[in-house]
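Here's a quick briefing to read alongside the model.

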Amino acid sequence: MCKGLATLPATCLKSAKDIKHKISFLLQKPEPQAADQKQMKEKTAAATGAKRATTAAEVEKWKESFSHMMSSETGRTVFASFLKSEFSEENMDFWVACEDYKKTAPSKLSNRAKQIYQQYVEADAPNEVNLDAATREETRQNVENACPSCFGNAQKMIYTLMEKDSYRRFLHSKMIQNVCQTPTTAVEEKKKTKKNCDCTCENRQVLMGGA
């Protein structure tokens, strides 16, 4: 019994060393993966930051003129979201439909013209746009002899309506302000990620020291 008691501390000490060795191994093994993940996050953040910086530069162009914004696919997308919030997205939909219509093959002009007219122009259309009676009638007559420019005046009228009305409110909206603030947000998120990473490393070092 005495010999058994004498050997007990050595056995416990060996087990403790084995456990410490395993814990150290488990804590150290993920290091390469963590480093890879950190590097990947930094690359992603850099790419996202560059993209957002470009967007911020575009926004400055949008503010300069309505035409700059409408010539930008991203600008039209953001502005369309604003129009949707004002329940007037049919204006942008109609304008885009007219742009696409101009590229329609001659053999399909007639059918496509009727579809656009019935969708946006005629009275009580599902997505009726705000046209005066004269322009609406002129467009109706043009559709009967469809050509690439038969929606020309109607499209110009809706363009002007968006420029003089919705666009001015858009420039003072929270939506465009949020787009402008995006680069700053990206920097803050990057700093937050770095801070969390530093905290994780410190906690890991504490665990290893305690073991």
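The buried residues of α7 pack against α6 (109–121) and α8 (152–170); buried means under 20% relative accessible area, exposed over 50%, and partly exposed in between, with a 1.4 Å probe and protein chains only. Contact here means heavy atoms within 4.5 Å, and helices (H or I, at least four residues) and strands (E, at least two) are DSSP runs, numbered from the N terminus. This is a predicted model, so local features need pLDDT of at least 70 and side-chain atom pairs count only at pLDDT 80 or more, while totals for chains, interfaces and linings use all residues. Residues are numbered from 1 along each chain as its sequence is written, and side-chain values use heavy atoms, with hydrogens and water left out.

**The chain as a whole**

- The chain has nine helices and zero strands, so from the N terminus on the elements run α-α-α-α-α-α-α-α-α.
- Of its 211 residues, 24% count as buried.
- Taking contacts with a separation of 6 or more, 63% of them join residues 24 or more positions apart.

**Helix α7**

- Helix α7 covers residues 133–144, and its 12 residues should span 16 Å at 1.5 Å a residue; the end C-alpha atoms are 17 Å apart, which agrees. The expected span is 1.5 Å times one less than the number of residues.
- Which residues of α7 are buried? They are Thr135, Arg136, Thr139 and Val143.
- Seen down the axis of α7, these buried residues fall within an arc of 100°, so they line one face of the helix. The arc is that of the directions from the helix axis to the C-beta atoms.
- An α-helix has 3.6 residues a turn, so residues three or four places apart point the same way.
- Turned away from the buried side of α7 is a face with the exposed residues Ala133, Ala134 and Glu144.
- Ala133 has 64% relative accessibility, which makes it exposed.
- At the start of α7, a side-chain oxygen of aspartate 132 comes to within 3.3 Å of the backbone nitrogen of alanine 134.

**Where α7 meets α8**

- α7 and α8 pack at an angle of about 145°, and their axes are 8 Å apart. Axes are lines fitted to C-alpha atoms, for helices over the stretch in contact, and angles run from 0 to 180 degrees between N-to-C directions.
- Thr135, Glu138 and Thr139 of α7 make this contact with Asn153, Ala154 and Met157 of α8.
- Sorted by class, the contact of α7 with α8 has two nonpolar, three polar and one charged residues.
- Threonine 139, in helix α7, is buried with a relative accessible area of 1%.
- Not counting residues up to four places away in sequence, threonine 139 touches Tyr117, Val121, Cys150, Phe151 and Ala154.

**Helix α4**

- With 13 residues (73–85), α4 should span 18 Å at 1.5 Å a residue, and the 19 Å between its end C-alpha atoms agrees.
- Buried in α4 are Gly75, Val78, Phe79, Phe82 and Leu83.
- Down the axis of α4, its buried residues fall within an arc of 145°, so they too line one face of the helix.
- Glu73 and Lys84 are exposed on the other side of α4.

**Positive phi in the loops**

- Where is phenylalanine 87 found? This residue sits in the loop between α4 and α5 (90–101).
- Phenylalanine 87 has a phi near 60°, a positive value in a residue other than glycine, and is exposed with a relative accessible area of 71%.
- Aspartate 124 also isn't a glycine, yet has a positive phi of about 65°.
- Aspartate 124 lies in the loop between α6 and α7 and counts as exposed at 73% relative accessibility.

- Lysine 63 belongs to helix α2 (residues 31–64) and is partly exposed at 38% relative accessibility.
- Lysine 63 and phenylalanine 170 are 107 residues apart in sequence, but 9.6 Å apart in space, C-alpha to C-alpha.
- Leaving aside neighbours within four places in sequence, lysine 63 is in contact with Tyr167, Leu171, Ile176 and Cys180.

Note on methods
Polar contact = N/O pair within 3.5 Å; in protein donor to acceptor, adjacent residues only side chain to side chain. Nonpolar A, V, L, I, M, F, W, Y, C, P; charged D, E, K, R; others polar.
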